[in-house]
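My entries follow in the order I looked things up.

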Amino acid sequence: MFETIASKELYQDTSYLVTVDSYQLPEDKAGTILQIHHPGGAAVLAMDASGRIPLVRQYRYAVKRTLLEIPAGKLDKISGETPEDGALRELREETGCEADQVVPLGCIYPSPGIDTEVLYLFAAKVVGRATQELDEDEFIDVLWVSPSEFQQMIGDGRINDAKTICAWSRALLRGLISLS
């Protein structure tokens, strides 16, 4: 049941592999799927001492929109980067914020119908600030919001990024965020 019959590589770079797979379905039926093999990622919901949360505003080419998100990015599998280290690195690079530890919020599967990505979610306390360390293809503005503003932005659709909403929900349910 759901056994791979054949797999054909369509594209590969240092981070991703794209295949088209044929697989066996129940009742002697077969299926075909385009699959993106992803190295995994990490995202972090951070707060400073006053409870404000940094959001990154960046244009996302695939959806042709500028989104508000928590800092996130793919893991560096070549170096063996852990999800925790990836979360701290992305926070530093995208916002200039430093944190000395992260609290795990579990993982999510952002698009399991086509993508193998496992995205690890974390919460963190900002302990210092420096300057952003953006990649050449990153153009990111940082917006600081209060928890009540953050929740209102989810409710009115200004935040519609899935990982951001998931991390917020898990942190709120675990009592890591105060709305007062």
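I count a residue as buried when its relative accessible area is under 20%, and as exposed when that area is over 50%. The model I am reading is a predicted one.

**Entry 1: helix α1.** I began with α1, and it is mostly covered: ten of its 13 residues are buried. I listed the buried ones: Pro83, Gly86, Ala87, Leu88, Arg89, Glu90, Leu91, Glu93, Glu94 and Thr95. Charged residues are on that list, including Arg89 and Glu90. Next I checked the length. The helix covers residues 83-95, and at 1.5 Å a residue it should span 18 Å. Its end C-alpha atoms are 18 Å apart, so the two values agree. The expected value uses 1.5 Å times one less than the number of residues. After the helix I found glycine 96, with a positive phi near 80°.

**Entry 2: the loop between β2 and β3.** I looked for positive phi in residues other than glycine. Glutamate 27 has one, near 60°. Aspartate 28 does too, with phi near 60°. Where do I find glutamate 27? It lies in the loop that links β2 (17-25) to β3 (29-37). Aspartate 28 sits in the loop between β2 and β3. Are they buried or exposed? Glutamate 27 has 71% relative accessibility, so I count it as exposed. Aspartate 28 is exposed because its relative accessible area is 75%.

**Entry 3: aspartate 21.** This residue is in strand β2. I noted that aspartate 21 is buried yet has no salt bridge. Which side chain of opposite charge is nearest to it? It is lysine 8, 11 Å away. I then looked for a polar partner. The side chain of aspartate 21 makes a polar contact with that of serine 7, at 2.6 Å. Setting aside neighbours within four places in sequence, I listed its contacts as Ala6, Ser7, Lys8, Gly31, Thr32, Ile33 and Gln35.

**Entry 4: the nonpolar cores.** The largest nonpolar core holds 21 residues. Leu45, Ile53, Leu55, Ile70, Leu121 and Phe150 touch the most other members. I traced where the core comes from: β4 (41-47), β5 (53-60), β9 (102-108), β10 (119-125), α2 (147-155) and α3 (162-173) each supply at least two residues. I also found a second, separate core of 14 residues, with Ala42, Ala46, Ala87 and Val102 among them. Back in the largest core, I followed isoleucine 70. Beyond its neighbours within four places in sequence, its contacts include Leu45, Leu55, Phe150 and Ala167.

Notes: Residues are numbered from 1 along each chain as its sequence is written. This is a predicted model: local features need pLDDT of at least 70, side-chain atom pairs count only at pLDDT 80 or more; totals for chains, interfaces and linings use all residues. Side-chain values use heavy atoms; hydrogens and water are left out. Helices (H or I, at least four residues) and strands (E, at least two) are DSSP runs, numbered from the N terminus. Buried means under 20% relative accessible area, exposed over 50%, partly exposed in between (1.4 Å probe, protein chains only). A nonpolar core is a set of buried Ala, Val, Leu, Ile, Met, Phe, Trp, Tyr and Cys residues joined through side-chain atoms within 4.5 Å. Contact means heavy atoms within 4.5 Å. A salt bridge is a side-chain nitrogen of Lys or Arg within 4 Å of a carboxyl oxygen of Asp or Glu. A polar contact is a pair of N or O atoms within 3.5 Å; within protein, one must be able to donate a hydrogen and the other to accept it, and residues adjacent in sequence count only if both atoms are side-chain atoms.
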